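Me: I have a model open and want to go through a few local features. Can we take them one at a time?

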Amino acid sequence: MLIASQMEPTFARRVYPCFDEPAMKATFNIRITHDPSYVALSNMPAIDVSEVKDENGSLWTVTTFNTSLKMSTYLTAFVICDFSYVTRTERGNEIRIWARKEAVKNGYVDYALNITGPIFSFLEDVLNVSYPLPKTDLVALPDFGAGGMENWGLMIFQEASLMNLPSEEFTSRKAMIALVVSHELGHQACEWFGNLVTMNWWNDLWLNEGLASYFEYLGATFVEPKLPLDKIFYAHVVQPVLREDSEIARSLSESEDKIKGSFSLMSLFDNITYSKGASITWMLSGFLTEKLFIRALTSYLKEFSFSNANQDDLWTHIQMVVDAQDEVQLPAPVKQIMDSWTCQNGFPVLTLNLTTGTIRQEQFFNKNNRKSTDSYNNTWIVPISWMRNGSSQPLTWLDKSSKMFPEMQVSESEYDWILLNVNLSGYYRVNYDQLNMKRLARLLENDPKAIPDVSRFQLIDDIFALTNFGYVPIEAALELTKYLAREDELFIWNMVLLNLIPDDLESTLKNHEVYPLLKKYLLKRMLPIYHYYAGFIRQNVDALEDDYFAQVYLEKLLATACWLGLQDCLDLSSELYAKWRDNPEYKIPFLIRRTVCCYGVAVGSDKEWNFAWEMYNHTNSAEEDEDILLYAMSCAKESWLLYRYLQYGLSDTLFSSNFTSVIISHVVTKDIGHRIAWEFVTENWSLLSQGYGHGLLHDVLKAMGRFVKTDVQIQELQVFYNATLEEDEREEITMLLESAKLENIERRKQLIKIASWLEKNVDD
């Protein structure tokens with residue numbers, strides 16, 4: 001049994017009567033009556049534990065906590081559990097980490113304990129504030145909706161965010177723990193993000209979370225200096241949110257009137273708030289310099305501690321710091337610059353013309369589905385970091401829709417090139433004219449390292465995004481992939497592969513004439529990086545323990561090599577899988593376990609499949625291994641094995657019921673599996689619908705949508721779901737399939753272009 005609370009944003013009112021608004025701060029006296037065999041925790045230390053008898057004569061424990069500091073209702077919290085803890089004191093602040101007894105005994109929270117104190121001290125020193133509470137508890141719950149919650153003095157996490165098996169030397173798990181812990185401590189130690197200084201109302205939530213996300217990366221790098229922080233930040237934060245933040249999205253800071261009613265409050269806790277907030281904070285810190293940024297934050301914290309503030313208060317403090325020095329010159333008041341990023345939705349794309357040296361900006365939107373009536377006339381005040389021929393240039397600004405920069409006009413020489421938004425320091429995309437694109441493509445082929453890693457990542461990601469939104473033809477993006485045989489950064493490869501072979505398209509691409517061309521073109525370029533990592537996997541996989549990106553992205557590289565039919569990759573998977581079959585104690589390296597099991601089953605026969613089934617039914621297999629095996633068994637290349645697998649899924653005794661839908665959803669995405677899964681679902685619908693209702697059908701139809709190209713195919717699916725679904729659901733699915741069909745037709749056109757480009761270039 002376990003009780004824990006989560007009050008943010010508006011649930012405190014369900015626990016006790018209160019004015020549940022972030023601006024209404026109070027001190028709290030909390031007392032909890034509970035079963036004597038449990039311990040009660042709250043924001044403050046316990047000052048008294050006594051016993052009472054109820055009317056039946058049973059004994060209860062009453063725990064009374066010290067009066068809290070002045071704080072918002074959403075930060076009050078309590079946990080009643082039978083956990084144990086490890087503890088350490090840092091600068092007089094007692095830090096305890098609570099978790100299930102066996103997890104504590106096995107040392108699973110030691111890593112978190114080792115980093116919490118140092119991150120605290122680091123944040124206090126950077127921001128020049130001191131933590132006002134005498135103790136901090138971090139509690140790991142087996143099940144929790146968020147990654148972590150910053151209740152003051154009693155932070156709550158899901159186990160995965162706080163636990164690390166001592167045997168797992170892997171940096172990626174530690175990195176994740178370091179990031180989540182730094183994020184929540186960022187709220188704690190002070191940061192106006194949240195506890196010491198709170199936003200006036202939820203429409204400024206981004207300040208809270210955006211700043212915590214920014215400090216999360218600084219804190220994590222402080223305790224794990226080997227992490228390639230800037231690359232991780234761009235790959236995990238900036239790049240994904242640029243993909244999401246298009247013309248439909250909301251702006252960061254909405255007006256209060258727009259967000260009344262708590263339904264839309266929950267929707268504020270999204271990637272725009274966290275990731276765009278962090279990206280814009282990063283950009284701000286970049287053009288101010290970190291020194292001035294921290295100086296402004298410090299003065300801001302001093303003035304507003306224990307009260308409320310909004311974003312304009314922060315801009316005022318930054319302005320004061322900027323006015324008091326003369327190194328950093330801004331083209332406009334801080335508020336005006338920042339409002340252009342926080343109060344407008346979307347972001348700009350900058351287009352550079354090399355001959356004239358002109359840069360113009362427009363809102364980045366999807367030109368393929370633009371209605372002629374839409375007008376986007378937003379402009380931003382854009383900081384531009386740039387380099388020419390490999391040397392960095394002074395920061396410059398674009399503060400209107402277009403502007404000429406004489407220093408950006410280039411000569412006839414093809415060695416004269418320009419790169420904008422170096423290291424992705426600004427939150428926008430860049431489009432170049434053909435002349436510069438040619439020069440950059442040439443440069444990549446001759447000397448890729450002349451362009452910094454993060455800039456190579458961004459150059460290629462930008463051009464694929466520009467292609468998808470109809471700004472440039474797909475051929476222009478493909479030209480930039482020619483150099484890849486010389487690319488040794490996994491995080492760049494990962495982004496290229498996600499663009500060329502999206503996860504959800506593997507099965508459809510297999511049947512297209514582009515596949516053999518892609519195979520020849522890509523494998524030729526993948527071999528160097530593939531052999532580099534395959535060598536480690538065969539000889540010394542532990543040597544990769546500090547290679548963060550190998551742990552996050554090696555799997556995709558390997559899976560792609562196997563998918564393209566690289567013999568060495570298939571052999572490697574068979575070897576390692578066979579090694580595991582011979583000795584079930586052997587552990588396939590975790591970084592690539594999913595791919596190895598999948599292809600071990602795929603190239604094997606029913607023997608390999610049966611072994612996976614047997615291991616799955618082993619009671620002591622870890623949960624993540626179960627997921628891997630469920631997936632691997634759907635990789636079989638024989639129809640009868642897949643059919644039998646689906647049948648196994650149906651028979652209740654073998655599976656707890658929710659696995660049936662997992663099995664179906666794995667099988668339906670496979671090239672030979674989608675027909676089999678569809679027939680299986682239609683044949684067994686009466687059984688399946690009792691267990692799963694329509695959610696399952698919805699998911700299966702969505703997956704089938706990848707394969708529909710004609711109205712006849714849609715009608716075939718319709719015959720079935722017209723008989724099984726309610727009218728409103730039928731309409732929704734029909735719309736879903738219609739748009740899938742249009743997408744597939746568009747994609748076919750695109751694939752034909754890719755195929756004809758590859759035909760011309762495959763032998764280069």
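Reply: Fine. This is a predicted model. One place to begin is the hairpin of E4 and E5, where 5 residues sit between the strands and glycine 57 takes a positive phi near 85°.

Me: How many bridges do E4 and E5 share, and in which sense do they pair?

Reply: They pair in the antiparallel sense, over 7 bridges. E4 covers residues 46–53, and E5 covers residues 59–65.

Me: What stands opposite glutamate 51?

Reply: Threonine 61 in E5.

Me: How many residues of E4 are buried?

Reply: The count is 0 among its 8 residues, so E4 is hardly covered. The cut-off for buried is under 20% relative accessible area.

Me: What is the strand order in that sheet?

Reply: The order is E2-E5-E4, in an open sheet of 3 strands with antiparallel pairing. E2 (31–34) and E4 are the edge strands; each has a single partner strand, so one side of each has no neighbour in the sheet. On average, neighbouring strands are turned by 20° against each other, direction ignored.

Me: And the other pairing, how many bridges between E2 and E5?

Reply: There are 4 bridges, in the antiparallel sense. Threonine 33 stands opposite valine 62 in E5.

Me: Changing topic to helices. At what angle do H19 and H20 cross?

Reply: Roughly 115°, with the axes coming within 7 Å. That makes H19 roughly perpendicular to H20, because angles of 65 to 115 degrees are put in that class. H19 spans residues 548–563 and H20 spans residues 567–582.

Me: Left-handed or right-handed crossing?

Reply: H19 passes H20 in a left-handed crossing.

Me: Which residues make the contact?

Reply: From H19, Leu558, Ala561 and Cys562; from H20, Cys569, Leu570 and Ser573. Sorted by class, the contact has 5 nonpolar residues, 1 polar residue and no charged ones.

Me: What is the phi of asparagine 421?

Reply: Positive, about 55°, although the residue is not a glycine. Asparagine 423 also has a positive phi of about 55°, and is not a glycine either.

Me: Where does asparagine 421 sit?

Reply: In the loop between strand E21 (418–420) and strand E22 (429–432). Asparagine 423 is in the loop between E21 and E22 as well.

Me: Last one. Which helix holds tyrosine 274?

Reply: H9, residues 271–288. Tyrosine 274 has a relative accessible area of 26%, so this residue is partly exposed.

Me: How many Å separate tyrosine 274 and proline 394?

Reply: C-alpha to C-alpha, tyrosine 274 and proline 394 are 30 Å apart in space. In sequence they are 120 residues apart.

Notes:
Residues are numbered from 1 along each chain as its sequence is written. This is a predicted model: local features need pLDDT of at least 70, side-chain atom pairs count only at pLDDT 80 or more; totals for chains, interfaces and linings use all residues. Side-chain values use heavy atoms; hydrogens and water are left out. Buried means under 20% relative accessible area, exposed over 50%, partly exposed in between (1.4 Å probe, protein chains only). Helices (H or I, at least four residues) and strands (E, at least two) are DSSP runs, numbered from the N terminus. Two strands pair if DSSP finds at least two bridges between them. Axes are lines fitted to C-alpha atoms, for helices over the stretch in contact, and angles run from 0 to 180 degrees between N-to-C directions. Angles under 35 degrees count as roughly parallel, over 145 as roughly antiparallel, 65 to 115 as roughly perpendicular and the rest as oblique. A crossing is left-handed if the near helix is turned anticlockwise from the far one by less than a right angle, and right-handed if clockwise. Contact means heavy atoms within 4.5 Å. Ala, Val, Leu, Ile, Met, Phe, Trp, Tyr, Cys and Pro count as nonpolar, Asp, Glu, Lys and Arg as charged, and the others, Gly among them, as polar.
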